[in-house]
Amino acid sequence: MSVTRTGEPSTEPDPRRWWGLVIIALAQLMVVLDATIVNIALPSAQRALGMSDGNRQWVITAYTLSFGGLLLLGGRIADLVGRKRTFVIGLIGFAGASALGGAAVDAGMLFGARALQGAFAAVLAPSALSLLTTTFTDPRERGKAFGIYGALAGSGAAIGFIVGGVLTEYLGWRWCLYVNVPIAIVAVLGATVLLHDSPGHPARLDVPGAVLGCGGLFAIVYGFSEAESRGWSDAFVLSLFAGGAALLAAFVWWQTRAPSPLLPLHILKDRNRAGCLLTMMLAIIGMFGLFLFMTYYLQVILGYSPMKTGFAFLPLTLAIIVGSTQISARLLSRVPPRALMVPGMILAASGMVILTQMTVNSSYTSEILPALLLMGLGMGLTFMPVFATATAGVAPKDAGVTSATVNTSQQVGGSIGTALLNTIATTSGTAYITAHLAGPAERNAVTRAGIVHGYTVAIWWAAGIMLLAGLVAGLMVTAKPPKHEVPSQEAVPESVG
């Protein structure tokens, strides 16, 4: 018998550990696909619950904001309470919030349920990763398990679009939320039988840090949302931005003094890591806004069914996988990370520029599809080196919090991008309609043209943000090609948080 670095005696590998991986991956897949599965259902949900165009983005933003804002705290809770127990609590809470959202009778109830989903996802995701690292102790098996886990997590976007389309078309939009209940039940039963708990470790919960960080992000995202109806120079909107900035500044100040900070600031002092996190956040800002616009464009303007819309996104996801696994993964050991990230962002921005030319009568095959393929390849080229570089050379004690910080930058980018670009699209579209509407006879045609105009204006902004991400990567990420090394067992994060 040997002793692991955690001080716990190691035993023979659990013969049911691969079935345990299925349960862990199932839970992670549920969390990941929930960020996209509701996109396809959103036009139907908006009609059913009477949401305004300015408020519809909260269905997406409420989830990503609470998920990203509480993710670091969720990792600390897993350390304190125990991984298996936190995993099961997260599953049950996520299922309950999903059922609440599926039964929503108004927009506010749906927004609240989505925020609750994100909060429980922030508890569930770190404990899932922690269980994976403690279930597979052999380095070779651990590498294979992480590969399977990563492949399932990476395919969550595609699965979410397709499953969301099928459920919305044949069962109704509410089933995009109800579907989590049976998945969670299976995962809870499997976890009870197949997964082993570890005792909780002493850990302090940085509640003030969570309140300051999440509160600051919420104020800024809410400010972007309110700008649609009030205007960018409105006193309330400006006060939200100022208050959000003040809360985030207080969060940074507190992290330098907290006994157990959510985000140890020394991990951000590394130039390459900071550049990767900023690149990731900017790239996701553009990508999440695109998901929202293209869903509405395909369903409302081109008249696609929800299922056809889901499959229309498939080339984008396949291109991301190809760019990541077949190009970036093969070249990363030979070229500097920024030699992949900068061209990747230029490719993605080029795809978005193509989309700025779309009209109410655009062809999917000749105009939309090439843009999606370019964007997918570009994002695939970028994301893989971002993850590899951001987590390289991290001390074992910081591996978990670094992984969580990368995930947090994704969720924060999704929250800001959805709110900001939705506001730009809505205000631009409204201004176009007001300027071009001459009489009731042409209202329908002008309204459709105005909606598409709003999308194209917002996509121009998204393309600019993608180029800014490329500029950040080019200037800040100066790391050299990683050496050919087999990762040590200590390099794998033991817990997120």
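Asn-39 sits in helix 2, which covers residues 37-49; helices here are DSSP runs of H or I with at least four residues, strands are runs of E with at least two, and both are numbered from the N terminus. Asn-39 is buried, at 3% relative accessibility. Buried means under 20% relative accessible area, exposed means over 50%, and partly exposed lies in between, with a 1.4 Å probe and protein chains only. Beyond its neighbours within four places in sequence, Asn-39 contacts Ile-60, Phe-161, Phe-291, Leu-292 and Thr-295; contact means heavy atoms within 4.5 Å. Asn-39 and Val-59 are 20 residues apart in sequence, and their C-alpha atoms lie 8.6 Å apart.

This is a predicted model, in which local features need pLDDT of at least 70 and side-chain atom pairs count only at pLDDT 80 or more, while totals for chains, interfaces and linings use all residues. Residues are numbered from 1 along each chain as its sequence is written, and side-chain values use heavy atoms, leaving out hydrogens and water.

Next, the nonpolar interior. A nonpolar core is a set of buried Ala, Val, Leu, Ile, Met, Phe, Trp, Tyr and Cys residues joined through side-chain atoms within 4.5 Å. The largest one has 90 residues. Tyr-297, Leu-355, Met-358, Met-375 and Met-379 have the most contacts inside this core. Helix 12, residues 271-301, gives the most to it, with 18 residues. Take Tyr-297. Leaving out residues up to four places away in sequence, Tyr-297 touches Leu-302, Met-358, Thr-359, Val-360, Ser-362, Ile-368, Val-452 and Tyr-455. Another core lies apart from the largest one. This other core has 29 residues, including Phe-67, Val-88, Phe-94 and Ala-121.

Now the charges. The structure holds four salt bridges; each is a side-chain nitrogen of Lys or Arg within 4 Å of a carboxyl oxygen of Asp or Glu. One of them joins Asp-53 and Arg-56, at 3.4 Å from N to O. Arg-56 is buried at 4% relative accessibility, whereas Asp-53 is partly exposed at 38%.

Thr-426 touches Asp-53, Gly-54 and Glu-228, not counting residues up to four places away in sequence. At 10% relative accessibility, Thr-426 is buried.

Glu-226, Arg-230 and Asp-234 form a network of salt bridges. Arg-230 pairs with Glu-226 at 2.8 Å, N to O, and with Asp-234 at 3.7 Å, N to O. Arg-230 and Glu-226 both lie in helix 10, residues 207-230, four residues apart, about one turn of the helix. Glu-226 is buried at 13%. Arg-230 is partly exposed at 42%, and Asp-234 is partly exposed at 22%.

What of the cysteines? The structure holds zero disulfides, a disulfide being a pair of cysteine sulfur atoms within 2.5 Å. Cys-176 is buried, with a relative accessible area of 1%. Cys-276 is buried, with a relative accessible area of 1%.

Val-166, Tyr-170, Leu-171, Trp-175 and Phe-311 make a nonpolar patch of about 520 Å². Patches consist of residues with over 30% relative accessible area and no salt bridge, with like charges joined within 9 Å and nonpolar side chains (Val, Leu, Ile, Met, Phe, Trp, Tyr) within 5 Å. Tyr-170 belongs to helix 7, residues 156-170, and is exposed at 57%.

Definitions and conventions: Accessible areas come from the Shrake-Rupley method with a 1.4 Å probe; for residues, only the protein chains shown count as cover.
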